[in-house]
Amino acid sequence: VCLADAGVDVRLLDIDPARLAMLQGGRAPIHEPLLDDLLAKVLANGRLILHDDAATAMRGAAVIMIAVGTPPLGDGRADLAQVREAVSDAVRHAGPETVIAIKSTVPPGTTASLRSLCRRNGRLVPLTVCPEFLAEGSAVRDFRQPPQVVIGGEDRDACERVAGLFGHLDAPIRITDSTSAELI
């Protein structure tokens, strides 16, 4: 929603019909100050388009952001099943110029371990990680005024393409390897 509000054309894929219906009605599935107003605005101006079909949502995408849950397992480790599934879907629908950016909170080493999923038609789809620094109750403000933007990956061009999405922010953009970004 905040990227769309900043002028980026965004397509949002949600596989949960109830959550998608809520979004289509201009209501966010989480309580966050300012979010409902911004959601209604970007839906009305066409900067945010909602989808329930991965192929349609991802067709022609320059950057596919993965923002799915990583709930804790019984032993405290993060359950990365949703991240793996979303990366596999993204690779399946990636175009020749697509970059994948993981926004989900993941432990160090995750992006490197997921690279094996990123082969498509004999090429490696670039995989980056772009951790968020958002706190519940101030997420919109935190997005608009971050202390920094961190992007990690082994493909510098891919990282710079993701960084371009955040160029409107008055914050330093730090590009590093994926594991360092995950640690940050």
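Buried means under 20% relative accessible area, exposed over 50%, and partly exposed in between, with a 1.4 Å probe and protein chains only. I start my notebook with that, because C118 is buried at a relative accessible area of 1%.

**Ground rules.** I am reading a predicted model, where local features need pLDDT of at least 70, side-chain atom pairs count only at pLDDT 80 or more, and totals for chains, interfaces and linings use all residues. Residues are numbered from 1 along each chain as its sequence is written, and side-chain values use heavy atoms, leaving out hydrogens and water.

**Cysteines.** I searched the whole structure for disulfides (pairs of cysteine sulfur atoms within 2.5 Å) and found 0. C118 is in none, as the nearest cysteine sulfur, that of C159, is 13 Å away. Next I looked up C130, which is also buried, with a relative accessible area of 1%.

**T98.** I found T98 in the loop between α5 (81–93) and β4 (99–102); helices (H or I, at least four residues) and strands (E, at least two) are DSSP runs, numbered from the N terminus. At 2% relative accessibility, T98 counts as buried.

Then I listed its contacts (heavy atoms within 4.5 Å). Beyond neighbours within four places in sequence, T98 touches A61, A62, I64, R123, V125 and P126. P126 is 28 residues from T98 in sequence, yet their C-alpha atoms are 7.5 Å apart.

Finally, I followed the T98 side chain: it reaches the backbone oxygen of A61 at 2.8 Å and the backbone nitrogen of G95 at 2.8 Å.

Methods
A polar contact is a pair of N or O atoms within 3.5 Å; within protein, one must be able to donate a hydrogen and the other to accept it, and residues adjacent in sequence count only if both atoms are side-chain atoms.
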